[in-house]
Amino acid sequence: MQKLFKSYLESFGGLRKEIWLLSLITLINRAGTMVIPFLSLYLTKSKGFSLNEVA
């Protein structure tokens with residue numbers, strides 16, 4: 001498993017710092033958009049809000 005992980009890291013080791021930063025920011029942005037559907041489900045099922053109130 002460590003050999004696979006090391007090989008993975010080596011394959012992307014030549015990328016510039018700016019590319020890594022942009023990738024991290026994109027990951028955070030995408031993860032944030034996944035909160036909205038789950039928050040809507042939580043508010044309607046657990047807290048009793050209507051769909052109109054959530055939207």
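Colleague: At what angle do helix H2 and H3 pack, and how far apart are their axes?

Modeller: Keep in mind that this is a predicted model. H2 covers residues 17–33, and it packs against H3 at an angle of about 25 degrees, with the axes 4 Å apart.

Colleague: Roughly parallel or roughly antiparallel, then?

Modeller: Roughly parallel, because angles under 35 degrees get that label. That is how H2 sits relative to H3.

Colleague: Which residues make the contact?

Modeller: From H2 you have Ala31, Gly32 and Thr33, and from H3 there's Val35, Ile36 and Pro37.

Colleague: How many of those are nonpolar, polar and charged?

Modeller: Where H2 meets H3, four are nonpolar, two are polar and no charged residue takes part.

Colleague: OK, switching to charges. How many salt bridges does the count come to?

Modeller: The count comes to one salt bridge. Its partners are the side chains of Arg16 and Glu18, at 3.4 Å from N to O.

Colleague: Is Arg16 buried or exposed?

Modeller: Exposed: the relative accessible area of Arg16 is 58%, so it falls in that class, which takes anything over 50%.

Colleague: Which backbone oxygen does the Thr44 side chain reach at 3.0 Å?

Modeller: The one on Ser40. There's also the backbone oxygen of Leu41, which lies 3.1 Å from a polar atom of the Thr44 side chain.

Colleague: And what does Thr44 touch if I skip residues up to four places away in sequence?

Modeller: With those left out, Thr44 touches Phe49, Ser50, Leu51 and Val54.

Colleague: Where is the place of Phe49?

Modeller: Phe49 is in the loop between H3 and helix H4, and H4 is 51–54. Leaving out residues up to four places away in sequence, Phe49 touches Leu43, Thr44 and Val54.

Colleague: Why does Phe49 count as partly exposed?

Modeller: Because its relative accessibility is 39%, and partly exposed runs between under 20% for buried and over 50% for exposed. Ser40 gets the partly exposed label too, at 25%.

Colleague: Now the tryptophan. Which helix does Trp20 lie in, and what does it touch?

Modeller: Trp20 lies in H2. Its contacts are Phe12 and Leu15, not counting residues up to four places away in sequence. Trp20 is partly exposed, with a relative accessible area of 45%.

Colleague: How far apart in space are Trp20 and Tyr8?

Modeller: Trp20 and Tyr8 are 14 Å apart, C-alpha to C-alpha, and 12 residues apart in sequence.

Colleague: Last one: where is the place of Ser7?

Modeller: Ser7 is in helix H1, residues 2–11. Its relative accessible area is 43%, which makes Ser7 partly exposed. From Ser7 to Leu51, the C-alpha atoms are 48 Å apart in space, and the two are 44 residues apart in sequence.

Note on methods. Residues numbered from 1 in each chain as written. Predicted model: local features only at pLDDT ≥ 70, side-chain atom pairs only at ≥ 80, totals over all residues. Heavy atoms only, no water. Buried < 20%, exposed > 50% of the residue type's maximum accessible area, 1.4 Å probe, protein only. Axes fitted to C-alpha atoms, helices over the stretch in contact; angles between N-to-C directions. Helix = DSSP H or I, 4+ residues; strand = E, 2+ residues; numbered from the N terminus. Parallel < 35°, antiparallel > 145°, perpendicular 65-115°, else oblique. Contact = heavy atoms within 4.5 Å. Nonpolar A, V, L, I, M, F, W, Y, C, P; charged D, E, K, R; others polar. Salt bridge = Lys/Arg side-chain N within 4 Å of Asp/Glu carboxyl O. Polar contact = N/O pair within 3.5 Å; in protein donor to acceptor, adjacent residues only side chain to side chain.
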